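Please look over the sequence and the model before reading on.

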Amino acid sequence: MAMNDEIQALFSQYIIAGDHAASDYFPLVKELVKKKNESGESRWQKAIDTVYDLVEDEIRTNVRPPTETVKFGTSGWRGQLGKDIFVRSVACVTAAIVEMYATADDSLFRLLGVASCDEAKKRGCVVGHDNRFAGHLLTTVVCKVLSDAGFTVYYAGESTTGVLSAAVLELGAAFSVNLTPSHNPLEYGGYKFNAADAGPAAEEVTGTITRLAREIVDSNYNFDYSSIAGVEPETFSGVTVFDSLATWQSLVRKNRAVHNLDLDAIMASFADSNDMVVVVDSVHGASRLHMPKLLPEIDRCILLRNTADVTFGGIAPEPSSVNMKKVQEVLAARKEKLKLGAIIDPDGDRIRFSDGACEISMNQFGAMAYHFLVVYKKKKGMVAKTVATSNMANCLARAFGEELFEPKVGFKEFKPVIGRALVIFEESDGISIIGHTPEKDAYIGLLLALDMVITTGMSLGRYRDMIEKEYGAYYPDRDGITVSVKGPELLAKLNELEKYGVDSQLMVGSEQKTIKEVITIDGRKMIFEDGSWLMVRPSGTEPKVRFYVESRTESGTNDLVATARGLLQQIGLV
Ligand SMILES: O=P(O)(O)OC[C@H]1O[C@H](O)[C@H](O)[C@@H](O)[C@@H]1O
(Lines give C-alpha, C1' and ligand atoms only; values in the text may rest on other atoms or scores of the structure.)
Protein backbone atom coordinates (compact mmCIF):
# COMPACT_ATOMS: atom_id res chain seq x y z
CA MET A 1 0.00 0.00 0.00
CA ALA A 2 1.41 3.44 -0.82
CA MET A 3 2.09 5.52 2.21
CA ASN A 4 -0.53 8.14 1.52
CA ASP A 5 -3.15 5.42 1.23
CA GLU A 6 -1.89 3.94 4.45
CA ILE A 7 -2.18 7.30 6.19
CA GLN A 8 -5.59 7.81 4.65
CA ALA A 9 -6.76 4.43 5.92
CA LEU A 10 -5.53 5.20 9.41
CA PHE A 11 -7.14 8.63 9.38
CA SER A 12 -10.50 7.24 8.37
CA GLN A 13 -10.25 4.63 11.12
CA TYR A 14 -10.01 7.27 13.86
CA ILE A 15 -11.31 10.55 12.47
CA ILE A 16 -14.90 11.52 11.77
CA ALA A 17 -14.56 14.67 9.69
CA GLY A 18 -15.99 17.74 11.38
CA ASP A 19 -16.80 15.85 14.58
CA HIS A 20 -14.15 16.13 17.30
CA ALA A 21 -16.26 14.40 19.92
CA ALA A 22 -16.61 11.31 17.76
CA SER A 23 -12.97 11.32 16.64
CA ASP A 24 -10.26 9.54 18.58
CA TYR A 25 -7.06 11.42 17.86
CA PHE A 26 -4.52 10.00 20.26
CA PRO A 27 -4.63 6.31 19.33
CA LEU A 28 -4.01 7.63 15.81
CA VAL A 29 -1.08 9.77 16.97
CA LYS A 30 0.39 6.71 18.68
CA GLU A 31 0.10 4.62 15.53
CA LEU A 32 1.67 7.36 13.44
CA VAL A 33 4.55 7.80 15.87
CA LYS A 34 5.17 4.06 15.73
CA LYS A 35 5.30 4.20 11.92
CA LYS A 36 7.59 7.22 12.03
CA ASN A 37 9.93 5.42 14.43
CA GLU A 38 9.98 2.31 12.23
CA SER A 39 10.59 4.07 8.92
CA GLY A 40 12.25 7.36 9.86
CA GLU A 41 10.13 8.91 7.08
CA SER A 42 9.42 12.60 7.67
CA ARG A 43 6.03 12.35 6.01
CA TRP A 44 4.72 10.52 9.07
CA GLN A 45 5.62 13.60 11.09
CA LYS A 46 3.49 15.69 8.71
CA ALA A 47 0.58 13.35 9.38
CA ILE A 48 1.18 13.66 13.14
CA ASP A 49 1.16 17.45 12.80
CA THR A 50 -2.13 17.27 10.92
CA VAL A 51 -3.72 15.28 13.75
CA TYR A 52 -2.38 17.75 16.31
CA ASP A 53 -3.97 20.60 14.32
CA LEU A 54 -7.28 18.83 14.87
CA VAL A 55 -6.53 18.34 18.57
CA GLU A 56 -5.75 22.04 18.84
CA ASP A 57 -9.02 22.91 17.17
CA GLU A 58 -10.85 20.66 19.61
CA ILE A 59 -9.01 22.27 22.53
CA ARG A 60 -10.00 25.75 21.30
CA THR A 61 -13.59 25.05 20.41
CA ASN A 62 -14.90 22.39 22.81
CA VAL A 63 -17.79 23.77 24.87
CA ARG A 64 -19.18 20.47 26.15
CA PRO A 65 -18.59 19.31 29.70
CA PRO A 66 -15.39 17.26 29.98
CA THR A 67 -16.02 13.55 29.26
CA GLU A 68 -14.88 12.73 32.81
CA THR A 69 -16.12 15.17 35.46
CA VAL A 70 -13.42 17.45 36.85
CA LYS A 71 -11.69 15.80 39.78
CA PHE A 72 -8.48 16.63 41.61
CA GLY A 73 -6.96 13.26 42.61
CA THR A 74 -3.69 12.31 44.34
CA SER A 75 -1.97 15.05 42.38
CA GLY A 76 -4.11 17.53 40.50
CA TRP A 77 -6.71 17.15 37.79
CA ARG A 78 -5.80 14.95 34.85
CA GLY A 79 -7.63 14.10 31.68
CA GLN A 80 -7.43 13.70 27.95
CA LEU A 81 -6.36 16.74 25.95
CA GLY A 82 -9.26 18.04 23.89
CA LYS A 83 -11.89 15.83 25.53
CA ASP A 84 -11.36 16.76 29.19
CA ILE A 85 -8.70 19.42 29.20
CA PHE A 86 -9.44 22.29 26.81
CA VAL A 87 -9.74 26.06 26.78
CA ARG A 88 -13.17 26.25 28.39
CA SER A 89 -12.61 23.55 31.03
CA VAL A 90 -9.25 25.05 32.03
CA ALA A 91 -10.90 28.48 32.23
CA CYS A 92 -13.68 26.99 34.41
CA VAL A 93 -11.19 25.44 36.84
CA THR A 94 -9.25 28.71 37.02
CA ALA A 95 -12.50 30.61 37.62
CA ALA A 96 -13.19 28.11 40.42
CA ILE A 97 -9.86 29.04 42.02
CA VAL A 98 -10.79 32.73 41.80
CA GLU A 99 -14.17 31.91 43.36
CA MET A 100 -12.50 29.87 46.11
CA TYR A 101 -10.37 32.86 47.17
CA ALA A 102 -13.38 35.18 46.92
CA THR A 103 -15.55 33.02 49.18
CA ALA A 104 -13.07 31.23 51.49
CA ASP A 105 -13.70 31.19 55.24
CA ASP A 106 -10.97 31.44 57.87
CA SER A 107 -10.25 27.75 58.00
CA LEU A 108 -9.85 27.51 54.22
CA PHE A 109 -7.67 30.65 54.19
CA ARG A 110 -5.48 28.96 56.82
CA LEU A 111 -4.98 25.98 54.49
CA LEU A 112 -4.32 28.34 51.60
CA GLY A 113 -1.71 30.21 53.63
CA VAL A 114 -3.18 33.69 53.09
CA ALA A 115 -5.43 35.85 55.26
CA SER A 116 -7.69 37.25 52.56
CA CYS A 117 -8.56 37.31 48.90
CA ASP A 118 -6.89 40.71 48.57
CA GLU A 119 -3.68 39.30 49.96
CA ALA A 120 -3.86 36.40 47.48
CA LYS A 121 -4.41 38.83 44.60
CA LYS A 122 -1.46 40.96 45.62
CA ARG A 123 0.95 38.10 46.29
CA GLY A 124 -0.26 36.50 43.11
CA CYS A 125 0.14 33.25 41.27
CA VAL A 126 3.05 31.50 39.56
CA VAL A 127 1.90 29.94 36.27
CA GLY A 128 3.74 27.40 34.13
CA HIS A 129 3.40 24.26 32.06
CA ASP A 130 5.39 21.20 31.04
CA ASN A 131 6.30 20.24 27.46
CA ARG A 132 2.85 18.89 26.56
CA PHE A 133 0.90 19.91 23.53
CA ALA A 134 -1.00 23.21 23.96
CA GLY A 135 0.78 24.06 27.23
CA HIS A 136 1.34 27.64 26.16
CA LEU A 137 -2.21 28.09 24.90
CA LEU A 138 -3.78 26.71 28.07
CA THR A 139 -1.53 28.68 30.43
CA THR A 140 -2.47 31.80 28.48
CA VAL A 141 -6.08 31.01 29.39
CA VAL A 142 -5.11 30.67 33.07
CA CYS A 143 -3.22 33.99 32.98
CA LYS A 144 -6.16 35.75 31.34
CA VAL A 145 -8.74 34.52 33.87
CA LEU A 146 -6.47 35.43 36.80
CA SER A 147 -5.54 38.79 35.32
CA ASP A 148 -9.19 39.70 34.68
CA ALA A 149 -9.93 38.86 38.31
CA GLY A 150 -7.19 41.23 39.50
CA PHE A 151 -4.51 38.70 40.46
CA THR A 152 -0.80 39.37 40.02
CA VAL A 153 0.63 36.65 37.77
CA TYR A 154 4.23 35.49 37.40
CA TYR A 155 4.45 33.62 34.13
CA ALA A 156 7.22 31.02 33.87
CA GLY A 157 6.30 29.44 30.53
CA GLU A 158 7.61 25.89 30.23
CA SER A 159 9.08 24.77 33.53
CA THR A 160 9.02 21.96 36.09
CA THR A 161 6.93 21.25 39.18
CA GLY A 162 9.87 21.57 41.60
CA VAL A 163 11.05 24.81 40.02
CA LEU A 164 7.58 26.38 40.05
CA SER A 165 7.27 25.42 43.69
CA ALA A 166 10.61 27.07 44.47
CA ALA A 167 9.33 30.16 42.63
CA VAL A 168 6.30 30.37 44.93
CA LEU A 169 8.64 30.49 47.92
CA GLU A 170 11.13 32.89 46.38
CA LEU A 171 8.51 35.33 45.05
CA GLY A 172 6.29 35.02 48.12
CA ALA A 173 3.41 34.15 45.80
CA ALA A 174 0.06 32.97 47.15
CA PHE A 175 -0.20 29.93 44.89
CA SER A 176 0.87 28.25 41.68
CA VAL A 177 -0.90 26.69 38.73
CA ASN A 178 1.12 24.18 36.76
CA LEU A 179 -0.43 22.62 33.69
CA THR A 180 0.91 19.08 33.71
CA PRO A 181 -0.35 15.53 34.14
CA SER A 182 3.14 14.61 35.37
CA HIS A 183 4.37 11.31 33.90
CA ASN A 184 1.06 10.28 32.29
CA PRO A 185 1.13 9.28 28.58
CA LEU A 186 1.01 11.75 25.68
CA GLU A 187 -2.78 12.00 25.42
CA TYR A 188 -3.06 13.52 28.89
CA GLY A 189 -3.17 17.08 30.07
CA GLY A 190 -3.28 18.14 33.70
CA TYR A 191 -3.71 20.94 36.21
CA LYS A 192 -1.79 21.14 39.50
CA PHE A 193 -2.56 23.68 42.21
CA ASN A 194 -0.13 24.46 45.05
CA ALA A 195 -1.01 26.97 47.75
CA ALA A 196 1.28 29.46 49.56
CA ASP A 197 3.35 26.77 51.30
CA ALA A 198 4.37 25.73 47.75
CA GLY A 199 3.48 22.09 48.35
CA PRO A 200 0.71 20.07 46.69
CA ALA A 201 -2.58 21.43 48.04
CA ALA A 202 -4.45 19.82 50.93
CA GLU A 203 -7.50 17.69 50.13
CA GLU A 204 -9.92 20.29 51.56
CA VAL A 205 -8.53 22.80 49.07
CA THR A 206 -8.64 20.57 46.00
CA GLY A 207 -12.08 19.37 47.13
CA THR A 208 -13.29 22.97 47.10
CA ILE A 209 -11.81 23.63 43.67
CA THR A 210 -13.40 20.42 42.37
CA ARG A 211 -16.84 21.37 43.72
CA LEU A 212 -16.75 24.95 42.41
CA ALA A 213 -15.32 23.88 39.05
CA ARG A 214 -18.15 21.41 38.50
CA GLU A 215 -20.69 24.14 39.20
CA ILE A 216 -19.01 26.50 36.75
CA VAL A 217 -18.68 23.80 34.09
CA ASP A 218 -22.45 23.21 34.33
CA SER A 219 -23.26 26.92 34.21
CA ASN A 220 -23.37 29.10 31.12
CA TYR A 221 -19.81 30.30 31.80
CA ASN A 222 -18.27 31.49 28.59
CA PHE A 223 -14.59 32.07 27.91
CA ASP A 224 -14.00 34.32 24.96
CA TYR A 225 -11.22 32.66 22.98
CA SER A 226 -10.75 35.71 20.80
CA SER A 227 -9.46 37.60 23.86
CA ILE A 228 -6.32 35.45 23.90
CA ALA A 229 -5.92 34.45 20.24
CA GLY A 230 -2.36 35.25 19.19
CA VAL A 231 -1.73 37.21 22.41
CA GLU A 232 1.18 36.58 24.79
CA PRO A 233 0.25 36.34 28.51
CA GLU A 234 2.51 39.23 29.52
CA THR A 235 0.30 41.66 27.61
CA PHE A 236 -2.48 41.12 30.17
CA SER A 237 -2.66 43.47 33.13
CA GLY A 238 -0.58 42.34 36.13
CA VAL A 239 1.23 39.53 34.29
CA THR A 240 5.04 39.44 34.21
CA VAL A 241 7.37 36.87 32.70
CA PHE A 242 10.20 35.66 34.95
CA ASP A 243 13.09 33.20 34.96
CA SER A 244 11.84 30.34 37.12
CA LEU A 245 15.09 28.35 37.17
CA ALA A 246 16.85 31.41 38.64
CA THR A 247 14.40 31.36 41.56
CA TRP A 248 15.18 27.67 42.13
CA GLN A 249 18.91 28.37 42.13
CA SER A 250 18.40 31.28 44.49
CA LEU A 251 16.40 29.15 46.94
CA VAL A 252 19.04 26.40 46.97
CA ARG A 253 21.85 28.92 47.51
CA LYS A 254 19.93 30.74 50.23
CA ASN A 255 19.32 27.59 52.25
CA ARG A 256 22.81 26.18 51.93
CA ALA A 257 23.32 26.25 55.68
CA VAL A 258 20.05 24.38 56.22
CA HIS A 259 20.77 21.36 54.01
CA ASN A 260 24.52 21.71 53.58
CA LEU A 261 24.37 21.32 49.80
CA ASP A 262 26.48 23.91 48.01
CA LEU A 263 25.08 24.20 44.50
CA ASP A 264 28.00 26.10 42.98
CA ALA A 265 30.70 24.06 44.71
CA ILE A 266 29.06 20.79 43.61
CA MET A 267 28.90 21.90 39.99
CA ALA A 268 32.48 23.18 40.11
CA SER A 269 33.72 19.88 41.62
CA PHE A 270 31.96 17.91 38.95
CA ALA A 271 33.52 20.10 36.26
CA ASP A 272 36.94 19.44 37.82
CA SER A 273 36.47 15.69 38.33
CA ASN A 274 37.99 14.29 35.17
CA ASP A 275 37.03 10.81 36.21
CA MET A 276 33.32 11.47 36.47
CA VAL A 277 30.63 11.38 33.80
CA VAL A 278 26.98 12.39 34.12
CA VAL A 279 24.18 11.44 31.75
CA VAL A 280 20.71 12.96 32.12
CA ASP A 281 17.73 11.83 30.04
CA SER A 282 14.96 14.45 29.97
CA VAL A 283 12.62 12.29 27.83
CA HIS A 284 11.78 15.53 25.94
CA GLY A 285 10.21 16.99 29.09
CA ALA A 286 10.61 20.47 30.57
CA SER A 287 13.92 19.59 32.27
CA ARG A 288 15.58 19.65 28.85
CA LEU A 289 15.41 23.46 29.01
CA HIS A 290 17.01 23.66 32.45
CA MET A 291 19.75 21.03 32.32
CA PRO A 292 22.11 23.02 30.08
CA LYS A 293 21.82 25.97 32.47
CA LEU A 294 22.09 23.94 35.65
CA LEU A 295 24.92 21.58 34.76
CA PRO A 296 28.42 22.50 33.61
CA GLU A 297 28.95 22.74 29.89
CA ILE A 298 31.53 19.97 29.54
CA ASP A 299 31.72 16.87 27.40
CA ARG A 300 31.45 14.66 30.49
CA CYS A 301 27.94 15.93 30.93
CA ILE A 302 25.70 14.26 28.36
CA LEU A 303 22.07 15.23 27.85
CA LEU A 304 19.71 12.76 26.20
CA ARG A 305 16.26 13.22 24.61
CA ASN A 306 16.63 16.97 25.03
CA THR A 307 14.65 18.06 21.99
CA ALA A 308 11.05 19.28 21.98
CA ASP A 309 8.64 16.42 21.26
CA VAL A 310 5.09 16.40 22.59
CA THR A 311 4.82 12.69 21.69
CA PHE A 312 7.83 11.73 23.84
CA GLY A 313 9.03 9.65 20.90
CA GLY A 314 6.05 7.38 21.52
CA ILE A 315 7.08 6.10 24.96
CA ALA A 316 5.33 6.33 28.32
CA PRO A 317 7.35 9.24 29.71
CA GLU A 318 8.13 7.89 33.16
CA PRO A 319 11.44 7.17 34.84
CA SER A 320 11.04 3.39 34.49
CA SER A 321 13.70 0.69 34.11
CA VAL A 322 12.72 0.25 30.47
CA ASN A 323 13.23 3.93 29.76
CA MET A 324 16.55 3.93 31.63
CA LYS A 325 18.14 1.79 28.88
CA LYS A 326 19.48 4.74 26.88
CA VAL A 327 21.23 6.13 29.94
CA GLN A 328 22.72 2.70 30.67
CA GLU A 329 23.98 2.33 27.10
CA VAL A 330 25.70 5.70 27.10
CA LEU A 331 27.25 5.08 30.51
CA ALA A 332 28.46 1.63 29.45
CA ALA A 333 30.46 3.15 26.60
CA ARG A 334 32.24 5.65 28.88
CA LYS A 335 35.68 5.16 30.39
CA GLU A 336 35.32 7.37 33.48
CA LYS A 337 35.52 5.63 36.86
CA LEU A 338 32.54 7.37 38.40
CA LYS A 339 29.35 7.22 36.40
CA LEU A 340 26.04 8.82 37.26
CA GLY A 341 22.92 8.53 35.14
CA ALA A 342 19.47 9.95 35.72
CA ILE A 343 16.12 10.00 34.00
CA ILE A 344 13.56 12.73 34.73
CA ASP A 345 9.82 12.80 33.99
CA PRO A 346 8.10 15.55 31.88
CA ASP A 347 7.38 17.96 34.73
CA GLY A 348 10.62 17.26 36.54
CA ASP A 349 9.24 15.96 39.80
CA ARG A 350 10.35 12.34 39.47
CA ILE A 351 13.88 11.06 39.04
CA ARG A 352 15.57 7.67 38.95
CA PHE A 353 19.30 6.91 38.96
CA SER A 354 21.82 4.51 37.54
CA ASP A 355 25.55 4.15 38.12
CA GLY A 356 26.08 2.35 34.84
CA ALA A 357 26.18 -1.06 36.51
CA CYS A 358 22.89 -0.95 38.39
CA GLU A 359 19.75 1.08 38.82
CA ILE A 360 19.06 2.86 42.08
CA SER A 361 15.38 3.28 42.76
CA MET A 362 13.96 6.02 44.97
CA ASN A 363 13.25 3.36 47.61
CA GLN A 364 17.01 3.09 48.00
CA PHE A 365 18.07 6.56 46.98
CA GLY A 366 15.85 8.33 49.52
CA ALA A 367 17.34 6.28 52.35
CA MET A 368 20.83 6.89 50.98
CA ALA A 369 20.13 10.63 50.91
CA TYR A 370 19.13 10.46 54.57
CA HIS A 371 22.32 8.55 55.41
CA PHE A 372 24.34 11.08 53.40
CA LEU A 373 22.90 14.13 55.14
CA VAL A 374 23.42 12.60 58.58
CA VAL A 375 26.81 10.93 58.15
CA TYR A 376 28.59 13.13 55.61
CA LYS A 377 26.78 16.45 55.97
CA LYS A 378 26.52 16.22 59.76
CA LYS A 379 22.82 17.06 59.86
CA LYS A 380 20.62 15.79 62.68
CA GLY A 381 16.96 15.04 62.31
CA MET A 382 14.12 12.76 61.35
CA VAL A 383 13.17 11.22 58.00
CA ALA A 384 9.80 10.81 56.27
CA LYS A 385 8.65 8.37 53.61
CA THR A 386 5.26 7.03 52.58
CA VAL A 387 3.91 3.75 53.90
CA ALA A 388 4.43 2.09 50.50
CA THR A 389 8.16 2.93 50.54
CA SER A 390 11.01 0.64 51.60
CA ASN A 391 11.72 0.23 55.32
CA MET A 392 15.42 0.88 54.81
CA ALA A 393 14.77 4.44 56.01
CA ASN A 394 12.99 3.08 59.12
CA CYS A 395 16.08 1.05 59.89
CA LEU A 396 18.40 4.05 59.47
CA ALA A 397 16.17 6.27 61.61
CA ARG A 398 16.26 3.65 64.36
CA ALA A 399 20.03 3.39 64.13
CA PHE A 400 20.42 7.18 64.30
CA GLY A 401 17.98 7.39 67.21
CA GLU A 402 15.67 9.57 65.14
CA GLU A 403 11.94 9.67 64.48
CA LEU A 404 10.33 8.39 61.29
CA PHE A 405 7.14 9.80 59.76
CA GLU A 406 5.21 7.37 57.58
CA PRO A 407 2.03 8.78 56.00
CA LYS A 408 -0.14 7.42 53.21
CA VAL A 409 0.89 7.79 49.56
CA GLY A 410 1.11 11.31 48.10
CA PHE A 411 3.66 14.05 48.62
CA LYS A 412 1.07 16.35 50.20
CA GLU A 413 0.99 13.97 53.16
CA PHE A 414 4.41 15.21 54.27
CA LYS A 415 3.06 18.63 55.32
CA PRO A 416 3.27 17.88 59.08
CA VAL A 417 7.05 17.37 58.94
CA ILE A 418 8.13 20.04 56.45
CA GLY A 419 11.04 21.91 58.01
CA ARG A 420 11.71 19.01 60.39
CA ALA A 421 12.44 15.94 58.26
CA LEU A 422 15.88 15.95 56.62
CA VAL A 423 14.56 13.95 53.67
CA ILE A 424 11.00 13.35 52.47
CA PHE A 425 10.56 10.80 49.73
CA GLU A 426 8.35 8.15 48.20
CA GLU A 427 8.95 5.04 46.13
CA SER A 428 7.32 6.65 43.07
CA ASP A 429 10.58 8.55 42.44
CA GLY A 430 9.79 11.75 44.36
CA ILE A 431 12.15 13.45 46.85
CA SER A 432 12.81 16.73 48.63
CA ILE A 433 14.96 17.77 51.57
CA ILE A 434 14.99 20.16 54.50
CA GLY A 435 15.37 23.80 53.50
CA HIS A 436 13.98 23.07 50.06
CA THR A 437 10.44 23.02 48.67
CA PRO A 438 7.69 20.78 50.12
CA GLU A 439 7.14 19.58 46.55
CA LYS A 440 8.98 16.70 44.97
CA ASP A 441 11.82 17.93 42.85
CA ALA A 442 14.00 15.91 40.51
CA TYR A 443 16.71 18.59 40.50
CA ILE A 444 17.33 18.48 44.23
CA GLY A 445 17.59 14.70 43.80
CA LEU A 446 20.16 15.20 41.06
CA LEU A 447 22.12 17.65 43.18
CA LEU A 448 22.15 15.17 46.07
CA ALA A 449 23.31 12.38 43.78
CA LEU A 450 26.14 14.51 42.39
CA ASP A 451 27.23 15.49 45.88
CA MET A 452 27.05 11.88 47.10
CA VAL A 453 29.29 10.64 44.31
CA ILE A 454 31.74 13.55 44.59
CA THR A 455 31.93 13.54 48.40
CA THR A 456 32.09 9.77 48.96
CA GLY A 457 34.16 9.04 45.87
CA MET A 458 31.87 6.06 45.35
CA SER A 459 29.35 5.18 42.69
CA LEU A 460 25.76 5.13 43.94
CA GLY A 461 25.74 1.31 43.81
CA ARG A 462 28.84 1.04 45.98
CA TYR A 463 27.49 3.58 48.43
CA ARG A 464 24.22 1.64 48.68
CA ASP A 465 26.13 -1.63 49.18
CA MET A 466 28.15 -0.07 51.95
CA ILE A 467 24.99 1.06 53.77
CA GLU A 468 23.36 -2.34 53.28
CA LYS A 469 26.43 -4.09 54.64
CA GLU A 470 26.14 -2.09 57.83
CA TYR A 471 22.36 -2.01 58.25
CA GLY A 472 21.03 -4.97 56.28
CA ALA A 473 19.58 -5.19 52.79
CA TYR A 474 16.05 -4.48 51.59
CA TYR A 475 14.55 -5.69 48.31
CA PRO A 476 11.47 -3.69 47.41
CA ASP A 477 9.43 -3.89 44.24
CA ARG A 478 6.11 -2.69 42.95
CA ASP A 479 3.66 -3.37 40.17
CA GLY A 480 0.03 -2.85 39.39
CA ILE A 481 -2.91 -4.13 37.40
CA THR A 482 -5.35 -2.15 35.31
CA VAL A 483 -8.91 -2.47 36.59
CA SER A 484 -12.24 -1.58 35.06
CA VAL A 485 -14.15 -1.24 38.34
CA LYS A 486 -13.73 2.02 40.23
CA GLY A 487 -15.01 4.02 43.18
CA PRO A 488 -17.03 2.26 45.88
CA GLU A 489 -17.25 -0.94 43.85
CA LEU A 490 -13.46 -1.21 43.73
CA LEU A 491 -13.15 -0.39 47.42
CA ALA A 492 -15.70 -3.08 48.25
CA LYS A 493 -13.62 -5.62 46.36
CA LEU A 494 -10.41 -4.55 48.08
CA ASN A 495 -12.17 -4.76 51.44
CA GLU A 496 -12.40 -8.50 50.89
CA LEU A 497 -8.73 -8.55 51.83
CA GLU A 498 -9.72 -7.64 55.38
CA LYS A 499 -9.87 -11.32 56.15
CA TYR A 500 -6.07 -11.27 56.15
CA GLY A 501 -5.63 -9.80 59.61
CA VAL A 502 -2.97 -10.17 62.28
CA ASP A 503 -2.02 -13.84 62.89
CA SER A 504 -3.53 -15.06 59.64
CA GLN A 505 -1.25 -16.78 57.19
CA LEU A 506 -0.30 -16.41 53.56
CA MET A 507 1.77 -18.62 51.29
CA VAL A 508 4.84 -16.77 50.03
CA GLY A 509 6.79 -19.01 47.66
CA SER A 510 6.97 -22.35 49.44
CA GLU A 511 6.75 -20.79 52.89
CA GLN A 512 3.73 -20.11 55.00
CA LYS A 513 4.15 -16.68 56.55
CA THR A 514 2.26 -15.23 59.48
CA ILE A 515 1.04 -11.62 59.39
CA LYS A 516 2.42 -9.78 62.40
CA GLU A 517 1.01 -6.31 61.75
CA VAL A 518 -1.49 -4.67 59.42
CA ILE A 519 -1.37 -0.97 58.49
CA THR A 520 -4.52 0.43 56.88
CA ILE A 521 -3.79 4.14 56.44
CA ASP A 522 -3.69 3.58 52.68
CA GLY A 523 -5.04 0.34 51.26
CA ARG A 524 -3.73 -2.63 53.23
CA LYS A 525 -0.12 -3.24 54.23
CA MET A 526 0.50 -6.70 55.66
CA ILE A 527 3.80 -7.11 57.48
CA PHE A 528 5.20 -10.58 58.17
CA GLU A 529 7.26 -11.76 61.11
CA ASP A 530 10.55 -11.52 59.18
CA GLY A 531 9.96 -7.85 58.32
CA SER A 532 8.99 -8.56 54.72
CA TRP A 533 5.65 -7.08 53.64
CA LEU A 534 3.15 -6.58 50.88
CA MET A 535 0.71 -3.76 50.36
CA VAL A 536 -2.27 -3.29 48.05
CA ARG A 537 -3.96 0.05 47.30
CA PRO A 538 -6.03 1.67 44.57
CA SER A 539 -4.15 4.28 42.55
CA GLY A 540 -5.36 7.87 42.88
CA THR A 541 -4.15 8.85 39.41
CA GLU A 542 -4.84 5.91 37.12
CA PRO A 543 -7.46 3.14 36.78
CA LYS A 544 -5.14 0.72 38.55
CA VAL A 545 -4.66 -1.24 41.71
CA ARG A 546 -1.04 -1.06 42.81
CA PHE A 547 0.84 -3.50 44.94
CA TYR A 548 4.10 -2.94 46.72
CA VAL A 549 6.32 -5.58 48.30
CA GLU A 550 9.56 -5.75 50.21
CA SER A 551 11.61 -8.81 50.99
CA ARG A 552 14.69 -9.16 53.16
CA THR A 553 16.26 -11.60 50.70
CA GLU A 554 16.96 -10.98 47.03
CA SER A 555 15.10 -14.08 45.89
CA GLY A 556 12.08 -13.40 48.10
CA THR A 557 10.81 -10.40 46.16
CA ASN A 558 9.34 -12.37 43.26
CA ASP A 559 7.53 -14.67 45.66
CA LEU A 560 5.92 -11.68 47.37
CA VAL A 561 4.90 -10.26 44.00
CA ALA A 562 3.31 -13.60 43.14
CA THR A 563 1.45 -13.65 46.47
CA ALA A 564 0.18 -10.09 45.90
CA ARG A 565 -1.03 -11.01 42.43
CA GLY A 566 -2.66 -14.11 43.88
CA LEU A 567 -4.58 -11.98 46.37
CA LEU A 568 -5.88 -9.73 43.60
CA GLN A 569 -6.87 -12.82 41.66
CA GLN A 570 -8.72 -14.17 44.68
CA ILE A 571 -10.90 -11.06 44.87
CA GLY A 572 -11.56 -11.15 41.17
CA LEU A 573 -9.46 -8.22 40.02
CA VAL A 574 -7.07 -10.20 37.84
O1 LIG B 1 -2.12 7.28 43.54
P2 LIG B 1 -1.05 6.83 42.60
O3 LIG B 1 -1.47 6.67 41.20
O4 LIG B 1 -0.29 5.64 43.11
O5 LIG B 1 0.00 7.99 42.50
C6 LIG B 1 0.70 8.37 43.57
C7 LIG B 1 1.50 9.58 43.23
O8 LIG B 1 0.67 10.50 42.58
C9 LIG B 1 1.23 11.72 42.24
O10 LIG B 1 2.27 11.55 41.34
C11 LIG B 1 1.71 12.39 43.47
O12 LIG B 1 2.34 13.60 43.14
C13 LIG B 1 2.66 11.51 44.21
O14 LIG B 1 3.03 12.15 45.40
C15 LIG B 1 2.05 10.18 44.48
O16 LIG B 1 2.99 9.29 44.99
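Just after helix α17, G457 has a positive phi of about 70 degrees. The model is predicted.

**Helix α17**
- The helix runs over residues 442-456.
- At its start, a side-chain oxygen of D441 comes to within 3.1 Å of the backbone nitrogen of Y443.
- Of the 15 residues of α17, 13 are buried, so the rest of the structure largely encloses the helix.

**Cavities overall**
- Three cavities of 30 Å³ or more are present.

**Largest cavity**
- The largest cavity holds about 70 Å³ of space.
- Its lining has 13 residues, and L81, L138, L179, G189 and G190 lie nearest the centre.
- Both α7 (135-148) and β6 (188-194) supply at least two lining residues each.
- Strand β6 gives the largest share of that lining, with three residues.
- By class, this lining has seven nonpolar, four polar and two charged residues.

**Second largest cavity**
- About 60 Å³ of space lies in the second largest cavity.
- Its lining consists of V417, I418, G419, A421, I424, I433, I434, G435, H436 and T437.
- Six of these lining residues are nonpolar and four are polar. The lining of the second largest cavity has no charged residues.

Definitions and conventions. Residues are numbered from 1 along each chain as its sequence is written. This is a predicted model: local features need pLDDT of at least 70, side-chain atom pairs count only at pLDDT 80 or more; totals for chains, interfaces and linings use all residues. Side-chain values use heavy atoms; hydrogens and water are left out. On a 1 Å grid over the protein atoms alone, a cavity is a set of points where a 1.4 Å probe fits but cannot get out, and a pocket is an open set with protein on both sides within 12 Å along at least five of seven lines; lining residues have an atom within 4 Å of a point. Grid points are joined across faces, edges and corners, and a volume is the space filled by probe spheres set on the points. Helices (H or I, at least four residues) and strands (E, at least two) are DSSP runs, numbered from the N terminus. Ala, Val, Leu, Ile, Met, Phe, Trp, Tyr, Cys and Pro count as nonpolar, Asp, Glu, Lys and Arg as charged, and the others, Gly among them, as polar. The expected span of a helix is 1.5 Å times one less than its number of residues. Buried means under 20% relative accessible area, exposed over 50%, partly exposed in between (1.4 Å probe, protein chains only). A polar contact is a pair of N or O atoms within 3.5 Å; within protein, one must be able to donate a hydrogen and the other to accept it, and residues adjacent in sequence count only if both atoms are side-chain atoms.
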